[in-house]
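Please read this report with the structure open beside it.

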Amino acid sequence: MNVQALEDGIAARVYGPQEIAAAVGRLARSIAQDYAGRSLVLLGVLKGALYLTVDLGRALSELADGPSEILVDYISVASYKGDRSSGKVELLMDAEVAIEGRNVLVVEDIADNGLTLSFLLAFLERKKPNSLRTCVLFDKPARRQVEVPLHYVGLTSPDAFVVGYGLDYQELYRNLPYLGELKPEAMRRL
Ligand code: IMP
């Protein structure tokens with residue numbers, strides 16, 4: 001399914017590739033400033049933050065006064081929602097990097113009800129990092145069920161099901177180069 005075919009399922013474009021790239025650039029600049037001269041672990045949450053973690057890591061490495069070193073790793077969780085179950089989050093794959101004593105930045109695509117990040121922060125805190133922060137590209141505040149600290153936020157998401165730039169609907173649309181609202185009929189069709 002190429003981008004043209006995916007477009008049929010999109011009701012509205014929310015943020016284009018340039019707006020997303022600019023937001024990633026802003027995130028990189030604040031992160032670089034805060035972690036200047038320190039070692040940083042970018043911990044991407046699979047699979048939604050796959051693109052963001054790569055782009056953020058690249059943007060950080062292009063800045064002169066950023067972290068002294070950047071380790072990139074991924075962690076994988078599954079969250080069950082809606083009719084499938086009620087907000088249960090489960091760890092599918094742990095990070096390989098030893099977290100203890102490190103400055104860890106959890107990189108997540110979107111904060112929706114907040115349960116995923118809340119679960120991850122509790123899980124990672126037990127590994128005794130030196131510092132633990134969160135970075136989300138999209139914040140969907142309308143749906144929050146649990147308060148979770150968002151230290152770096154790129155853009156605000158509308159209160160709708162959005163796809164693209166890593167965000168999927170049943171594994172589709174991740175490769176859409178922009179963020180779009182999914183048509184309800186596209187959900188039924190799959
Ligand atoms: P939370 O636990 O509700 O905060 O949601 C976090 C995870 O749910 C994200 O990493 C996404 O995988 C998924 N998610 C939440 N909202 C959306 C959406 O609008 N589109 C696609 N995935 C979403």
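A nonpolar core is a set of buried Ala, Val, Leu, Ile, Met, Phe, Trp, Tyr and Cys residues joined through side-chain atoms within 4.5 Å. Buried here means under 20% relative accessible area. The model is predicted.

In the largest nonpolar core there are 28 residues, and those touching the most other members are Ile20, Ile31, Leu56, Leu60, Leu105, Leu137 and Phe138. At least two residues of this core come from each of H2, S2, helix H3 (50-61), S5, S6 and S7. The greatest share, seven residues, comes from H2. A second, separate core has 20 residues, including Ile75, Ala95, Val106 and Leu117.

Apart from neighbours within four places in sequence, Leu60 is in contact with Ala28, Ile31, Ala32, Leu40, Leu42, Pro67 and Ile70.

Next comes the sheet. Six strands form an open sheet with mixed pairing, in the order S4-S3-S2-S5-S6-S7. Strand S4 (88-93) and strand S7 (152-156) are the edges; each has a single partner strand, so one side of each has no neighbour in the sheet. On average, neighbouring strands of this sheet are turned by 25 degrees against each other, direction ignored. Strand S2 (residues 39-46) and strand S3 (residues 69-80) run parallel and are joined by eight bridges. For Leu43, the bridge partner in S3 is Asp73.

Helix H2 (residues 17-34) lies across S2, strand S5 (103-111), strand S6 (131-139) and S7, and runs at about 165 degrees to S7.

| Helix | Buried residues | Covered by, among others |
|---|---|---|
| H3 | Leu52, Thr53, Leu56, Gly57, Ala59, Leu60 | H2, S2, S3, S5, S6 |
| H4 (residues 115-125) | Thr116, Leu117, Leu120, Leu121, Phe123, Leu124 | S2, S3, S4, S5, S6 |

Where do the buried residues of H3 lie, seen down the axis of the helix? They fall within an arc of 165 degrees, so they line one face of H3. The buried residues of H4 likewise fall within an arc of 165 degrees, seen down its axis, so they line one face of that helix. An α-helix has 3.6 residues a turn, so residues three or four places apart point the same way.

The length of H3 can also be checked. H3 has twelve residues and, at 1.5 Å a residue, should span 16 Å; its end C-alpha atoms are 17 Å apart, which agrees.

Definitions and conventions:
Residues numbered from 1 in each chain as written. Predicted model: local features only at pLDDT ≥ 70, side-chain atom pairs only at ≥ 80, totals over all residues. Heavy atoms only, no water. Pairing = 2+ DSSP bridges. Helix = DSSP H or I, 4+ residues; strand = E, 2+ residues; numbered from the N terminus. Axes fitted to C-alpha atoms, helices over the stretch in contact; angles between N-to-C directions. Contact = heavy atoms within 4.5 Å. Buried < 20%, exposed > 50% of the residue type's maximum accessible area, 1.4 Å probe, protein only. Expected span 1.5 Å × (residues − 1). Arc of directions from axis to C-beta.
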